[in-house]
Amino acid sequence: MNSLSCELVGAKELRLALQDGLNPDQIRVLRAPCMGRCDTAPVLELGHKHIDHATMDKVQTAVANGDTHAEIPPFQDLAAYCEGDGYKTLTKLRTSGNWQAVQDQILASGLRGLGGAGFPSGKKWGFVRDNAGPRYLAVNGDEGEPGTFKDRFYLEREPHVFLEGMLIAAWAVEAETCFIYMRDEYPAVLEILRREIAALEAAGLVAPGYIDLRRGAGAYICGEESAMIESIEGKRGMPRHRPPFVAQVGIFGRPTLVHNVETLYWVARICREGPDVLAAVEKNGRKGLRSYSVSGRVAAPGVYLLPAGSTITDIIAAAGGMAAGHRFKAYQPGGPSSGLLPASMDDIPLDFDTLQPHGSFIGSAAVVVLSDQDRARDAALNMLRFFEDESCGQCTPCRVGCEKAVKLMQADHWDQPLLEEICQAMADASICGLGQAAPNPIRMTMAHFPDEV
Ligand SMILES: Cc1cc2nc3c(=O)[nH]c(=O)nc-3n(C[C@H](O)[C@H](O)[C@H](O)COP(=O)(O)O)c2cc1C
Ligand code: SF4
């Protein structure tokens, strides 16, 4: 794969090694963006098999034998979940609950949308309910921001915590159907959800068909909520103009509550454990917890649940320190849309609202760590190539701006005034967050790594 975490650690070499071991008449190896497995980068995907250096031989044998099924990791199934207090909260709410009391709990916890925009979750429920039914709920499981793999982490381990949170939110807004939009790059997650939704139906916890599992087709832009809704409706995924907002006019014109997978995971935990599960955690003046997806030049890449006030220093420490032989140089604080910061700025809490003064934002909390062996300009070019590939092409500033920026960024000396002009046009005039945030890596590289450009 060719996104930042994979490129840093030798995806190209793995691709070539794989090509060597396969019959080119039978299998073509194509480049693709992030597969959401940055913790085991570099990663390739063959059929439904994920390949990294450790599994290369095993996978080549499996493919030669025609076995391309996904491997299902051990996870907590319905029976195991119900042995604890699983679905007791939902059942109680359905019989005697007051949705406003639940909304108050969500607001008191401080939960904000974990898909990237950080909108206070409880407030959204009220907006959706303000519009007459029928209403829908849509789960955003697209997880396409390179470096992000926290949703997969939770779904491959505790799918029912998320499913119970989804059903609580659906109950709160009286949703007629729950659509789950899940990226096809997660075949194991899709299989787990298929099995566990069937188990919920068999147990009578949901009516057959109430949960509609949809597969995405690999477009990053389909993670933008209105583009996701277009895709759910069977159309090409392109962002809509707002207003109206999807809370008013969503799927098939109906009011729709859209939530990220992890947001719903926390809805279930807040309802069961109380708002303090988030509100009581405090660090550096910030409240709550963040699931940081950490990859790049750290010793132990993975998802780390840490206080929301954590700095990059805390995050690198949690990930086992820097990889052997690497010295910390720079970091991507929250996906390519958040750009790059230098190691000298290591005391900023990586949370909502703290990065804006630095021209960045936390987004999906996808942290990629760069070392003295990497160049910031190469990382920024990698990010812009991703945006160029993934731009839906609907508006000129984004479509043409990404393409021109990629060309200019390949020169030894960047034409900085021209790049800044392009950045301004993209930030001002793009329809959606992709084109508006794509200038961040360019601007931050020019600001913090001037000697490289
Ligand atoms: C280009 C772009 C890509 C996005 N990709 C995702 C995604 O993969 N998953 C996600 O949950 N939100 C994504 N979002 C944010 C969604 O539009 C939306 O804010 C979110 O799904 C709302 O859920 P939340 O309030 O629970 O975070 C993306 C936004 C933009 C602009
Ligand atoms: S900003 Fe880019 S991705 Fe968003 S609508 Fe415009 S062309 Fe499409």
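Colleague: How many cavities of 30 Å³ or more does the structure hold?
Modeller: This is a predicted model, in which local features need pLDDT of at least 70, side-chain atom pairs count only at pLDDT 80 or more, and totals for chains, interfaces and linings use all residues. A cavity is, on a 1 Å grid over the protein atoms alone, a set of points where a 1.4 Å probe fits but cannot get out, and its volume is the space filled by probe spheres set on the points, which are joined across faces, edges and corners. With that cut-off of 30 Å³ or more, the number of cavities in the structure is four.

Colleague: Which ligand sits in the largest cavity?
Modeller: The largest cavity holds about 90 Å³ of space, and its lining includes Ile-221, Pro-239, Ser-391, Gly-393 and Leu-434. A molecule sits in such a space if more than half of its atoms lie within 2 Å of its grid points. The molecule in the largest cavity is ligand 2.

Colleague: How many residues surround ligand 2?
Modeller: A residue counts as near if one of its heavy atoms lies within 4 Å of the molecule. Cys-392, Gln-394, Cys-395, Cys-398 and Cys-432 are the closest to ligand 2, and these five residues also line the largest cavity. The number of residues that surround ligand 2 is 13.

Colleague: What is the volume of the largest pocket?
Modeller: A pocket is an open set of points with protein on both sides within 12 Å along at least five of seven lines, and lining residues have an atom within 4 Å of a point. The space taken by ligand 1 is the largest pocket, and the volume of this pocket is about 1,400 Å³.

Colleague: Which element gives the most to the lining of the largest pocket?
Modeller: Of the 50 residues that line the largest pocket, Gly-115, Gly-116, Ala-117, Glu-224 and Glu-225 are the closest to its centre. Helices (H or I, at least four residues) and strands (E, at least two) are DSSP runs, numbered from the N terminus, and those that give two or more residues to this lining are helix H7 (121-129), helix H8 (150-155), strand E6 (256-260) and helix H18 (433-437). With five residues, the element that gives the most is E6.

Colleague: Which residue has a polar backbone atom 2.8 Å from an oxygen atom of ligand 1?
Modeller: There are 20 residues around ligand 1, and those that come nearest are Gly-115, Lys-124, Asn-140, Asn-260 and Thr-263. Oxygen atoms of ligand 1 lie 3.2 Å from a backbone N or O atom of Leu-114 and 3.3 Å from a polar backbone atom of Gly-144. The residue at 2.8 Å is Asn-260.

Colleague: What is the phi of Glu-174?
Modeller: Glu-174 lies in the loop between helix H9 (159-172) and strand E4 (175-182). Although Glu-174 is not a glycine, its phi is positive, at about 50°.

Colleague: From which number are the ligands counted?
Modeller: Residues are numbered from 1 along each chain as its sequence is written, side-chain values use heavy atoms, with hydrogens and water left out, and, in the order in which they are written, chains are lettered from A and ligands numbered from 1.

Conventions: A polar contact is a pair of N or O atoms within 3.5 Å; within protein, one must be able to donate a hydrogen and the other to accept it, and residues adjacent in sequence count only if both atoms are side-chain atoms.
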